[in-house]
Amino acid sequence: SDHMENIYGYLMKYTNLVTGWQYRFFVLNNEAGLLEYFVNEQSKHLKPRGTLQLAGAVISPSDEDSHTFTVNAASGEQYKLRATDAKERQHWVSRLQICTQHHTEAIGKNNPPLKSRSFSLASQGSANSPGLQRRPSQNAVSFFSVGHHRLPTGKRVPIMQPDHLVDVREMMSQAEGQQRDLIRSIECLPASGHLTSLDQDLLMLKATSMATMNCLNDCFHILQLQHASQQKGSLPTGTTISWLEPKISLANHFKNGAAQNFPTEINKPASVREEQSIAEPCQLTREPEEIDPDEELEDICDDKEDDLGAVEEQRSVILHLLSQLKLGMDLTRVVLPTFILEKRSLLEMYADFMSHPDLFIAITDGTTPEERMIRFVEYYLTSFHEGRKGAIAKKPYNPIIGETFHCSWRMPKSDVATDAGSTFSAPSPSEQVTLPKDLEGQAELDYYTVKFVAEQVSHHPPVSGFYAECVERKMCVNAHVWTKSKFLGMSIGVTMVGEGLLSLLEHGEEYTFSLPCAYARSILTVPWVELGGKVSINCAKTGYSASINFHTKPFYGGKLHRVTGEVKQNVTNTVVCRVQGEWNSVLEFTYSNGETKYVDLTKLSVTRKRVRPLEKQGPFESRRLWQHVTESLRDGDIDKATEHKRALEERQRNEERLRAETETPWCTKYFLKEGDGWVYHKPLWKTVSAAQTQQMDTN
């Protein structure tokens, strides 16, 4: 009974992006099942500024920090609140959850199912339509009882016979048609007025009806499997019955309140027709193209992803999308709304991880195997901060199969750090690495060039290959990454499956490394990114390895973006370096000699990449391929960006279907399949090896 007493006190309430957080006086009315708030304690006897019905609500502690939590009402309304500390948050969350559970259970016990009532949208917003009147007193029971029929007392549901499945399928088809009519009616409502297409109750009805039809389709599929097993006697060994992907296309319902029929081919912009009419990639030349770094210009594009407005404005679309997803669902085949996209391709994002080429080049300057491993760890940990543009968790474009991205960086040789206290010692004559004649000229320039190429080598599963090299320093890195996305409730997790290989040819060393997982948190409010998981770096030749932990924020307390790691000599099991800090802020390196070094990532100089102008890029190079989507996003025209994006995706689906029908395999351009991985067709280690062999033959 103590837990059912009313509680009250001040909490901070998030209002909007302009106003931000404001102190408000909250009262939990346990008897009525209401959470009310007032401007201050003195005004608590007046009419509350806001009220939430807690029956059917969800109370969720936030993973942003240890003070914030949200109250999501059954009506779709949400309060984002913040207590003074973790203890006070737990107190409010516990009391709210107890009150919510009590009133939700009471509704189920005390309210029999209502009789069927009509929910007609024929009048489309008429104030006289009882089915459309918004009643403030409407609770969760009346809202979720639309179309509910109670079976007559004493009647049993007959056991479903196999031959009744045809009748069930017919009834479900009718229900699907009615559900589509309902969705169409809601979306055709005006965008403003007494009743709009963004009405919270109608959005909830729309999402619930779609989820119900998905569930019914899954159940019907299970009945079909059971019927098949009865005919055959039993299910075959190894057969599993699992939930299916949504049956209703997500792509058709991103834009609320507007018809989804795009213009006909005649009325489409020329850019869209161009996107749809580019020839089948395998019919284009698949010969690798040698990019001349002198054609590349310093990148002047600076698309910072710091605009939160679109995410807040489109919250109803996100709610609608989430209603169709299941926990653990693979998001690879789910088309996400355009407004959450970054203005760059995933392939370009991989290039942005190389934005500190001076640290990359300096790895090979280490005079000992220990120092080279430590330098690689330092470079590895500094790469993620610049790879993520802005604090908001937006998603880069999913690369089209066959898409490529090229760029390079130029670093003055004087800017590349060498070993502190000593100069780099050249390898002995026996260790000298011979460059091919066509590459020897690069070593005579007063700057180093790091070249980068990436290609989307597979669509299902989505696999990207990328390669970077510095010919002058005789080093290169090759990697392939398979991105696996899963829906985790209020978060989205992305696992980076794959492996990278750094080759230091001057030292004959190879370093294998993996990548952490990424998580987009708080996707209903202000989404943000954190990294998580354990990664490893190993060098088999020298026996040095590194173990790095990216820590996700704990439920209570703790810091965001924390990372820890250590470098050790495997033979002696000796730790030679420890690292701790935040991967997007300050890192602290402690060495075996007792010295400590701090690296402030926010102050590290970023070298701009060099990219060819659009007019010199091929039709499948990232920036030219996505240029119309990017331009529309810059202009804030989400509808136009969606149209261009859909044209690209539809073309890819048509090409994939054609290849399947003609049994034509996909031909990659720059990367070759080797075992479970993908390797650049002309890596530096092969080029150098061939040059050395040729020199030996000449001698």
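**View 1. Strand E1 and its two partners in the sheet.** E1 and strand E7 (residues 78-82) are paired in the antiparallel sense over two bridges. Here strands (E, at least two residues) and helices (H or I, at least four) are DSSP runs, numbered from the N terminus, and two strands pair if DSSP finds at least two bridges between them. In E7, leucine 81 is the bridge partner of lysine 13. Strand E1 (residues 7-14) is also joined to E2, by eight bridges, and these two run antiparallel. Look for tyrosine 8, which stands opposite valine 27 in E2.

A note before moving on: this is a predicted model, in which local features need pLDDT of at least 70 and side-chain atom pairs count only at pLDDT 80 or more, while totals for chains, interfaces and linings use all residues. Residues are numbered from 1 along each chain as its sequence is written, and side-chain values use heavy atoms, with hydrogens and water left out.

**View 2. The whole seven-stranded sheet.** This open sheet has the strand order E4-E3-E2-E1-E7-E6-E5, with antiparallel pairing. Strand E4 (50-53) and strand E5 (58-61) stand at the edges with a single partner strand each, so one side of each is left without a neighbour in the sheet. From one strand to the next, the twist averages 35°; axes are lines fitted to C-alpha atoms (for helices over the stretch in contact), and angles run from 0 to 180 degrees between N-to-C directions. Strand E2 (residues 21-29) and strand E3 (residues 34-38) run antiparallel and are joined by five bridges. Phenylalanine 25 has phenylalanine 38 as its bridge partner in E3.

**View 3. A salt bridge between aspartate 65 and arginine 82.** The side chains of these two residues, aspartate 65 and arginine 82, meet at 3.7 Å, N to O. A salt bridge is a side-chain nitrogen of Lys or Arg within 4 Å of a carboxyl oxygen of Asp or Glu, and by this rule the count comes to 25. Aspartate 65 sits in the loop between E5 and strand E6 (68-72) and arginine 82 in strand E7, 17 residues apart, so the pair links distant parts of the chain. Arginine 82 counts as partly exposed because its relative accessibility is 23%; buried means under 20% relative accessible area, exposed over 50%, and partly exposed in between (1.4 Å probe, protein chains only).

View 4. Glutamate 371 forms a salt bridge with arginine 375, and their closest N and O atoms are 3.1 Å apart. The two residues are four apart in helix H10, so about one helical turn separates glutamate 371 from arginine 375. Both glutamate 371 and arginine 375 are buried. A further salt bridge brings together the side chains of glutamate 469 and lysine 451 (4.0 Å, N to O). This pair links distant parts of the chain, with glutamate 469 in strand E13 and lysine 451 in strand E12 (residues 447-458), 18 residues apart. Glutamate 469 is buried, with a relative accessible area of 10%, whereas lysine 451, at 22%, counts as partly exposed.

**View 5. The largest nonpolar core, and a second one.** A nonpolar core is a set of buried Ala, Val, Leu, Ile, Met, Phe, Trp, Tyr and Cys residues joined through side-chain atoms within 4.5 Å. The largest has 60 residues, of which Phe360, Leu381, Phe452, Ile537 and Phe550 touch the most other members. Helix H10 (residues 369-387) gives the most to this core, with eight residues. Leaving aside neighbours within four places in sequence, phenylalanine 360 is in contact (heavy atoms within 4.5 Å) with Met354, Tyr379, Val450, Met475, Val477 and Leu502. A second, separate core of 20 residues includes Phe26, Phe69, Val93 and Cys99.

**View 6. Methionine 172 in helix H3.** Methionine 172 belongs to helix H3 (residues 165-187) and counts as buried at 8% relative accessibility. Beyond its neighbours within four places in sequence, methionine 172 contacts Met213, Leu216, Asn217 and Phe220. Methionine 172 and methionine 213 are 41 residues apart in sequence but 8.4 Å apart in space, C-alpha to C-alpha.

**View 7. Two loop residues with positive phi.** Lysine 474 has a positive phi of about 55° although it is not a glycine. Lysine 474 lies in the loop between strand E13 (463-470) and strand E14 (475-487) and, at 12% relative accessibility, counts as buried. Asparagine 573, also not a glycine, has a positive phi of about 60°. Its loop runs between strand E20 (562-569) and strand E21 (574-582), and asparagine 573 counts as exposed at 52% relative accessibility.
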